[in-house]
Amino acid sequence: MHTGGGGMSAPSGRADAAAVLIDLDGPITRLFPSPAHIDLARAVHARVAHDPGAPPTAGEDHVQVLRRIASATPHLLAETERFAARAEMAAARRATPAPGAVEFIRAAAEAGYGVAVVSNNAAPAVAATLTSVGVADWVAVVAARHPGNISRLKPHPDLVDEALHALGVSADHAILLGDTVSDMRAALAAGVRAIGVTADDDRASQLRAGGASMVARDLGEAVGLLDPSPARVGERP
């Protein structure tokens, strides 16, 4: 799928699925384009830097910083989570769709797939982002971060399992599209087929090494994966 000319004509690549699960930041929109994600991570870390137990920061994204805070200074987690969620909400209001995102999500929903967004960002910000990019009406389920579930974010499979349960679909009747190795690992840990989404050749190689069965340059290219008559959502084998 990761081809220079784009497009997917081979029907063998189609998904035998009833549901599509999609990561938010990357495939659907670039919520924190570089270097904004590093700036936010540093801002989150600055909220706890005064504490003697504060963990060091090493160029991580803000969710990784939250994980480290949860482990090293849990008494400061609630404050930093609220700060991060406010930043995510501000970014959500400015969000614009990534190439092919609206096309893919609309096509999936209209074909009868259950569509879920699985994100490590705060659930209210995810919902606001979907409204900003114009796809909220086609997304049935949002499985995302909320206070208290930091340790169970991707690459942990919990959010993937949550989305599958909400859609009433078994893991072998779903696919997950994401742009990070964390997405691929979460999908595989839940028993879901993992598909990478990136236009970067180096990242595409990383996604394949991380378990992606194929890689699309964007969600528009991934439309070719959709079967016009998918398995009925909620139908378990």
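A salt bridge here is a side-chain nitrogen of Lys or Arg within 4 Å of a carboxyl oxygen of Asp or Glu. Keep that in mind, and look at Arg145 and Glu88: their closest N and O atoms are 2.8 Å apart, so the pair qualifies under the 4 Å rule. The two come from distant parts of the chain, with Arg145 in strand S3 and Glu88 in helix H3, 57 residues apart. Both Arg145 and Glu88 are buried. One caveat before going on: this is a predicted model.

As a reminder, strands of a sheet pair through backbone hydrogen bonds, either parallel or antiparallel.

S2 and S3 run parallel and are joined by four bridges, and Ala116 sits opposite Val141 of S3. Follow the chain from S2 through helix H5 (residues 123-133) to S3 and you trace a right-handed β-α-β unit. Is S3, then, mostly covered or mostly open? It is mostly covered, as four of its five residues are buried.

What does Asn121 touch, leaving aside residues up to four places away in sequence? The list is Leu24, Asp25, Leu31, Phe32, His62, Glu88, Val126, Ala144 and Arg145.

Val20 has Ile175 as its bridge partner in S4.

In soluble globular proteins, nonpolar side chains tend to be buried together. The largest core in this model has 72 residues, and the members that touch the most others are Val20, Leu21, Ile28, Phe104, Val160, Leu177 and Val192. Helix H6 supplies the largest share, five residues. Take Leu177 as an example: beyond residues up to four places away in sequence, its contacts include Val20, Leu21, Phe104, Ile195 and Val197. Asp23 and Pro27 are also among the residues that Leu177 touches.

Back to charges, then. Side chains of opposite charge can pair when their charged atoms come close. Salt bridges in this model come to eight. One of them joins the side chains of Arg47 and Glu79, at 3.6 Å from N to O. This pair also links distant parts of the chain: Arg47 is in the loop between helix H1 (36-46) and helix H2 (62-72), while Glu79 is in helix H3 (residues 77-93), 32 residues away. Arg47 is partly exposed, with a relative accessible area of 30%, and Glu79 is partly exposed at 30% as well.

Another salt bridge brings together Arg203 and Asp179, 3.4 Å from N to O. Arg203 is in helix H8 (residues 201-209) and Asp179 is in the loop between S4 and H7, which puts them 24 residues apart. What about their surroundings? Arg203 is partly exposed, at 31% relative accessible area, whereas Asp179 is buried at 3%. Asp179 and Arg203 also belong to a network of salt bridges with Asp25 and Arg30.

Most residues other than glycine have a negative phi, and most peptide bonds are trans. Between Lys154 and Pro155, though, the peptide bond is cis, with omega at about 20°. Pro155 can be found in the loop between S3 and helix H6 (158-167).

Note on methods
Residues numbered from 1 in each chain as written. Predicted model: local features only at pLDDT ≥ 70, side-chain atom pairs only at ≥ 80, totals over all residues. Heavy atoms only, no water. Pairing = 2+ DSSP bridges. Buried < 20%, exposed > 50% of the residue type's maximum accessible area, 1.4 Å probe, protein only. Right-handed = clockwise from strand over helix to strand, strands pointing away. Core = buried A, V, L, I, M, F, W, Y, C linked by side-chain atoms within 4.5 Å. Contact = heavy atoms within 4.5 Å.
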